[in-house]
Amino acid sequence: MRTWIRSPLCVFDGFREVDADGVVVDGNRIAAIIAPDDPEPEDIDSVMDVSGQVLMPGLINTHHHFYQTLTRSLDCALDKGLFPWLQSLYPVWAGLTDEMVDIATRLACSELLLSGCTTSADHHYLFTDRCRNALDVQVGAVRSIGIRSVLTRGSMSLGKRQGGLPPDNTTQGTDEILHDSERVIDLYHDSRPEGMLRIALAPCSPFSVTRELMIGTAQLGADRSVMLHTHLAETIDENRFCLDRYGCRPLDYLEQVGWLRKGTWLAHGIHFDQSEICRLGRQEVGVAHCPTSNMMLGSGHCPVMSLQQAGVRIGLGVDGSASNDCSNMMQEVRQAFLLHRLHYGAGGFGHEQAMQLATSGSADCLGWPQIGRLEPGSLADIVLFDLDELRFSGAGNPLAALVLCGAHRARNVMVDGTWRVREGELSDGNLEELRARHRKLAAEIRQVQT
Ligand SMILES: [Zn+2]
């Protein structure tokens with residue numbers, strides 16, 4: 001099946017705006033980029049006219065906690081920095097069930113797709129008696145929604161009794177975690193370039209995981225060739241915790257436990273000094289930059305340009321919906337643009353750089369070069385935005401308009417050659433029914449809020 005997506009308003013290829021009259025999709029791959037003076041492509045089965053729409057690679061989210069869509073804007077967590085915010089929310093999250101994980105995952109993925117996101121990573125680290133099978137439940141949900149995914153088998157093993165931050169009833173033992181990590185890799189990890197689901201391993205953070213688990217996870221990740229993910233250098237409190245408990249800064253700790261290597265991506269990466277930034281770049285570590293969350297929790301400014309210059313692979317993430325509090329990737333591009341404008345100046349960070357973070361930048365961060373780009377051979381993950389809204393009226397440069405005027409909902413979204421959003425609506429599923437179930441479960445889980 002060859003489809004010519006023809007006559008877009010403008011095209012962004014993952015790095016820059018390009019002069020093109022659309023793309024040809026063959027099955028689940030991009031077969032050709034059509035230049036304006038090229039002859040019409042041959043052997044086309046269908047033509048889709050996308051006049052007035054901006055065509056670009058699907059956006060890629062490198063960090064999320066889908067389950068947190070159930071705990072948006074909770075009173076107990078308002079106006080707090082990371083540690084007190086977490087301490088307020090852990091008891092609420094301890095009530096998570098398999099059903100909640102399922103519905104929250106479906107809702108977050110629907111929200112992401114509608115915002116133009118075609119691949120999402122998720123960091124799920126809560127495995128309690130009521131949601132022992134959270135990762136298996138998530139696999140069912142992402143497959144049914146049809147979004148390309150990197151699901152991480154997260155973990156917490158350092159409870160309060162041992163000097164960690166989370167309550168003991170939200171942690172598991174090292175052996176149990178590593179055993180289950182192997183199980184889900186065997187069952188679900190698809191390392192093929194065109195795979196729809198990859199598994200990665202993700203102990204939560206230095207203050208919720210033991211050194212022993214970090215070392216065991218690094219070994220398992222190397223043995224099974226899967227990526228490693230964790231939160232690092234998010235706050236000054238975390239730096240203090242590492243100095244107190246491990247006698248060193250977070251990056252030194254990361255190196256000691258065998259994680260400073262290609263195939264690791266870190267959420268946040270804010271509080272590094274220049275020599276640490278160079279060490280990260282030399283090892284080609286990735287960073288999931290989460291601007292909204294960093295601003296919401298007052299965590300600090302991620303030095304994205306210094307990190308990029310050093311060779312760090314920077315992607316964009318919405319982070320969990322308790323610190324955002326939505327899952328809109330296109331809005332996140334605007335947040336990144338505005339945050340770095342403030343830091344680097346009006347001429348220092350442009351709309352194309354912000355878009356690059358969410359496309360080819362995120363793809364490189366996740367070690368998946370076949371997505372996030374519009375070039376022959378890339379996977380057919382494509383998003384189209386139109387400018388047919390009040391907020392765009394009178395706009396000049398259409399690509400800049402998406403970022404400057406605040407695009408927030410895609411018109412058409414293709415994942416792996418299949419349209420998942422058509423004319424601004426999900427192709428499958430009943431969104432109203434899903435929202436009703438989600439609201440009911442959110443009301444249930446927040447009852448334990450103190
Ligand atoms: Zn996070």
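Here are some friendly notes on the domains, sheets and helix packing of this model.

1. A word on the basis. This is a predicted model, in which local features need pLDDT of at least 70, side-chain atom pairs count only at pLDDT 80 or more, and totals for chains, interfaces and linings use all residues. Residue numbers start from 1 along each chain as its sequence is written.

2. Domains. The protein chain is assigned domain 1 (2-57 + 379-426) and domain 2 (59-365), with bounds that come from an automatic or database domain assignment. Taken over C-alpha atoms, the centres of domain 1 and domain 2 are separated by 30 Å. Their contact takes 28 residues from domain 1 and 26 residues from domain 2, where two residues are in contact if their C-beta atoms, placed from the backbone, lie within 7 Å.

3. The domain 1 side of that contact. Two or more residues each come from strand 7 (53-57), strand 16 (382-386), helix 13 (398-404), strand 17 (412-415) and strand 18 (418-422). Helices (H or I, at least four residues) and strands (E, at least two) are DSSP runs, numbered from the N terminus. With four residues, helix 13 gives the most to this side. The side of domain 1 that touches domain 2 divides into 17 nonpolar, five polar and six charged residues. Here Ala, Val, Leu, Ile, Met, Phe, Trp, Tyr, Cys and Pro count as nonpolar, Asp, Glu, Lys and Arg as charged, and the others, Gly among them, as polar.

4. Strand 17 and strand 18 run antiparallel and are joined by three bridges. Met 414 stands opposite Trp 419 in strand 18.

5. Strand 4 (residues 22-26) pairs with strand 5 in the antiparallel sense over four bridges, and Val 23 has Ile 33 in strand 5 as its bridge partner.

6. Helix 2 against helix 3. The axes of helix 2 (residues 98-114) and helix 3 (residues 134-145) come within 9 Å and cross at roughly 35°. Axes are lines fitted to C-alpha atoms, for helices over the stretch in contact, and angles run from 0 to 180 degrees between N-to-C directions. The contact divides into seven nonpolar, three polar and three charged residues.

7. Helix 2 against helix 14. Helix 2 also meets helix 14 (residues 431-445), with axes that come within 10 Å and cross at roughly 130°. That makes helix 2 oblique to helix 14; angles under 35 degrees count as roughly parallel, over 145 as roughly antiparallel, 65 to 115 as roughly perpendicular and the rest as oblique. The crossing of helix 2 and helix 14 is left-handed. Contact residues include Met 100, Ile 103 and Leu 107 of helix 2, and Leu 434, His 438 and Leu 441 of helix 14. They belong to a contact of eight nonpolar, two polar and three charged residues.

Notes
Two strands pair if DSSP finds at least two bridges between them. A crossing is left-handed if the near helix is turned anticlockwise from the far one by less than a right angle, and right-handed if clockwise.
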